[in-house]
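Please read it alongside the sequence and the coordinates.

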Amino acid sequence: MLRLTTWNVQNLFRPATGASAANVAIYRQKLVYLAATIGTLDPDVIGLQEVGGANGLADLQAELGGAYAHSHIGTPDGRGIACAILSKTPLSNTTEVLAFPQEVLDLHLTELDGTPMNRMGRGAVRATVTKGNFTTDVIVVHLKSKLLTFPGGAFSTNNETVRAQVASLALMKRTAEAATVRMAANGVVANNVGQAIVVLGDFNDAPHAATTQIFQGPDGSEIDTRGFDLADAGDSARLGKSTGDDFREGKITLPVILSFRRGSTEERAFWSRTIEKGDQRDDDLEQAIALMTRHGTLEATRQEAFGWAARAKD
């Protein structure tokens with residue numbers, strides 16, 4: 001199992017030369033707190049936001065005692081804060097999601113002064129991590145915040161027309177950034193039976209917000225809905241619920257129940273071993289999908305979901 005943690009460390013800047021003793025002490029206290037909490041959680045990989053450059057990242061690594069020797073940091077925003085990855089195991093394929101793809105550029109979004117929006121405010125860092133036999137791509141993001149900056153650099157205004165305009169602009173920017181990262185992830189998601197991907201970080205919005213839903217993909221199986229535990233045709237394109245997740249976690253879902261009921265003695269022994277006992281082998285996911293397909297349990301589950309949806313509308 002690969003354990004991941006995400007943390008917005010809020011302006012982790014190393015104090016400048018000549019900083020007051022009080023500021024240095026506050027910084028040191030923050031590093032100690034971060035390291036102690038991370039040590040308790042003991043993740044394999046940490047996604048960080050608001051890292052104040054390479055110096056702040058290096059100081060945190062040192063405070064962690066060298067346990068997270070592998071790192072990758074992205075392009076900062078105008079404030080100097082950036083996304084970063086710390087890992088216990090080596091990182092490969094380190095890169096960055098920064099420039100908007102053509103599909104986003106075609107939306108012709110601009111800043112208030114007419115300057116085209118063409119890149120992420122803070123580069124999303126990306127790397128491949130392997131632990132044992134498990135390999136996953138990791139993308140750490142920090143999307144545009146809801147903090148509004150008005151003309152002249154002000155953080156507030158009495159002009160409600162301007163407020164609405166600037167708030168709309170921030171939402172459009174966050175939307176464009178979400179779309180950019182989702183498009184970057186699509187190549188892995190399309191092959192997610194054999195390749196995992198995790199997108200984590202500070203999305204600056206709630207799980208059910210429109211920008212967050214861009215990451216998820218097709219409608220259905222949303223968190224906190226009955227459909228989350230039901231397999232459907234959209235799972236292979238979703239982030240947060242990839243093909244095989246429920247199987248690997250040993251969840252007794254409706255497709256499993258129906259496959260068990262409709263299966264032979266040998267097939268029932270397969271479900272008992274993989275789900276009840278958790279004894280799963282390399283080709284078991286493919287076998288599970290084949291059994292569900294043979295007995296039509298995915299389609300039966302889909303029809304059951306449609307039935308409940310129709311009752312909810314009545």
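Is Trp271 buried or exposed? Trp271 is buried, with a relative accessible area of 3%, where buried means under 20% relative accessible area, exposed over 50% and partly exposed in between, for a 1.4 Å probe and protein chains only. The model is predicted, so local features need pLDDT of at least 70 and side-chain atom pairs count only at pLDDT 80 or more, while totals for chains, interfaces and linings use all residues. Residues are numbered from 1 along each chain as its sequence is written, and side-chain values use heavy atoms, with hydrogens and water left out.

**Salt bridges**

- The structure holds 14 salt bridges, each defined as a side-chain nitrogen of Lys or Arg within 4 Å of a carboxyl oxygen of Asp or Glu.
- Arg28 and Glu63 form one of them, with their closest N and O atoms 2.7 Å apart; because Arg28 lies in helix α1 (residues 21–41) and Glu63 in helix α2 (residues 53–63), the pair ties together parts that are 35 residues apart in sequence.
- Helices (H or I, at least four residues) and strands (E, at least two) are DSSP runs, numbered from the N terminus.
- Arg28 is partly exposed at 38% relative accessible area, and Glu63 is also partly exposed, at 26%.
- Asp44 and Lys131 meet in a salt bridge at 3.2 Å, N to O, and this pair links the loop between α1 and β2 (45–51), which holds Asp44, with strand β6 (residues 119–131), which holds Lys131, 87 residues apart.
- Asp44 is buried at 10% relative accessible area, whereas Lys131 is partly exposed at 35%.
- Glu267 and Arg294 form a salt bridge at 2.4 Å, N to O, and since Glu267 lies in helix α8 (residues 265–276) and Arg294 in helix α9 (residues 284–294), the pair ties together parts that are 27 residues apart in sequence.
- Glu267 is buried at 10% relative accessible area, whereas Arg294 is exposed at 55%.

**Aromatic contacts**

- The structure holds three aromatic pairs, counted when rings of Phe, Tyr and Trp (its six-membered ring) have centres within 6.5 Å, with planes under 30 degrees apart called stacked, over 60 edge-to-face and the rest tilted.
- Trp7 and Tyr33 form an edge-to-face pair, 6.1 Å centre to centre with 80 degrees between the planes.
- Phe270 and Trp271 have ring centres 5.2 Å apart and planes at 75 degrees, so the pair is edge-to-face, and Phe270 is buried at 10% relative accessible area.
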